[in-house]
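Thanks for asking me to look this one over. Below are my notes as numbered points, to be read with the model open beside you.

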Amino acid sequence: MSSDDDALDADPSEVDPSDADPSDTDLSDADVEALHEVELGVEWFHRAHGHLVQFHHATGHAMDHLAEAEDHLREAGYDELADCLRDDLLPHGVVGDTWSYGVLEAFQDGPLAEAERFGTDARESVADGRRHVAERRQEREWKGRSRK
């Protein structure tokens, strides 16, 4: 968590024991903090994945418009420009010879899959598979402060 987040800094003696969430009471603050950072890292990989999906779709739409432009350029008598689209731009990849779906698949099969596996392994090792233990502590602390 960021230094601005006081949820993990709450004095455990201030939390009513009857409100204790048994899903994380066996974890130290260091355990919770470490697991939280892993979870945030995995979540950011998911966000990056979403951006790559968006990039893949945007690239596809751009190429569809250029393919349409090839036909219109040819109809308008600009065969040289149409040939340039057909021969140079349309078959070209986004990174070298790799098309956007290849970049997306490489990310899905590589860093994203590895981060997900690591996140699962970390949760199993640190918290017996429990997820979002930092958030559960924060929720409990905030609910404990509430006057309602």
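**Notes on the helix packing**

1. Let me begin with helix 1 and helix 4, which pack at an angle of about 120 degrees with their axes 8 Å apart. That angle makes helix 1 oblique to helix 4. For the terms: axes are lines fitted to C-alpha atoms, for helices over the stretch in contact, and angles run from 0 to 180 degrees between N-to-C directions. Angles under 35 degrees count as roughly parallel, over 145 as roughly antiparallel, 65 to 115 as roughly perpendicular, and the rest as oblique. Helix 1 brings D29, V32, L35, H36 and E39 to this contact, and helix 4 brings V133, A134, E135 and R137; contact means heavy atoms within 4.5 Å. Sorted by class, the residues are 4 nonpolar, 1 polar and 4 charged. Here Ala, Val, Leu, Ile, Met, Phe, Trp, Tyr, Cys and Pro count as nonpolar, Asp, Glu, Lys and Arg as charged, and the others, Gly among them, as polar.

2. A word on the basis of these notes. This is a predicted model, in which local features need pLDDT of at least 70 and side-chain atom pairs count only at pLDDT 80 or more, while totals for chains, interfaces and linings use all residues. Residues are numbered from 1 along each chain as its sequence is written, and side-chain values use heavy atoms, with hydrogens and water left out.

3. Now the overall layout. The chain has 4 helices and 0 strands, in the order α-α-α-α from the N terminus. Helices (H or I, at least four residues) and strands (E, at least two) are DSSP runs, numbered from the N terminus. Of the 148 residues in the chain, 25% are buried; buried means under 20% relative accessible area, exposed over 50%, and partly exposed in between (1.4 Å probe, protein chains only). Among contacts between residues at least 6 apart in sequence, 73% join residues at least 24 apart.

4. How do helix 1 and helix 2 pack? Helix 1 (residues 29–75) meets helix 2 (residues 79–89) at an angle of about 150 degrees, their axes 7 Å apart. That makes the two roughly antiparallel. Their crossing is left-handed, meaning that the near helix is turned anticlockwise from the far one by less than a right angle (right-handed if clockwise). On the helix 1 side the contact uses M63, L66, A69, E70, L73 and R74, and on the helix 2 side D79, L81, A82, D83, L85, R86 and L89. These residues divide into 8 nonpolar, no polar and 5 charged.

5. Helix 1 also packs with helix 3: the axes come within 10 Å and cross at roughly 165 degrees. The pair is therefore roughly antiparallel, and the crossing is left-handed. The contact has 19 nonpolar, 7 polar and 4 charged residues.

6. Two residues of helix 1 are worth a look. V53 is in helix 1 and is partly exposed, with a relative accessible area of 24%. Its C-alpha atom is 9.8 Å from that of E105, 52 residues apart along the chain. F55 also lies in helix 1 and counts as partly exposed at 38% relative accessibility. Leaving out residues up to four places away in sequence, F55 touches V94 and S100. The C-alpha atoms of F55 and Y101, 46 residues apart along the chain, are separated by 9.4 Å.

7. Which residues make up the largest nonpolar core? There are 7 in all: L27, V32, L35, A122, A127, V133 and A134. Such a core is a set of buried Ala, Val, Leu, Ile, Met, Phe, Trp, Tyr and Cys residues joined through side-chain atoms within 4.5 Å. Helix 1, helix 3 (100–127) and helix 4 (133–145) each give two or more residues to this core.

8. Finally, please check the loop between helix 3 and helix 4. D128 lies there, with a phi near 50 degrees, a positive value in a residue other than glycine; D128 is exposed, at 60% relative accessible area. H132 is in this loop too and has a positive phi of about 55 degrees, although H132 is not a glycine. H132 is partly exposed, at 30%. R131, also in the loop, touches E39, R123 and R136, not counting residues up to four places away in sequence.
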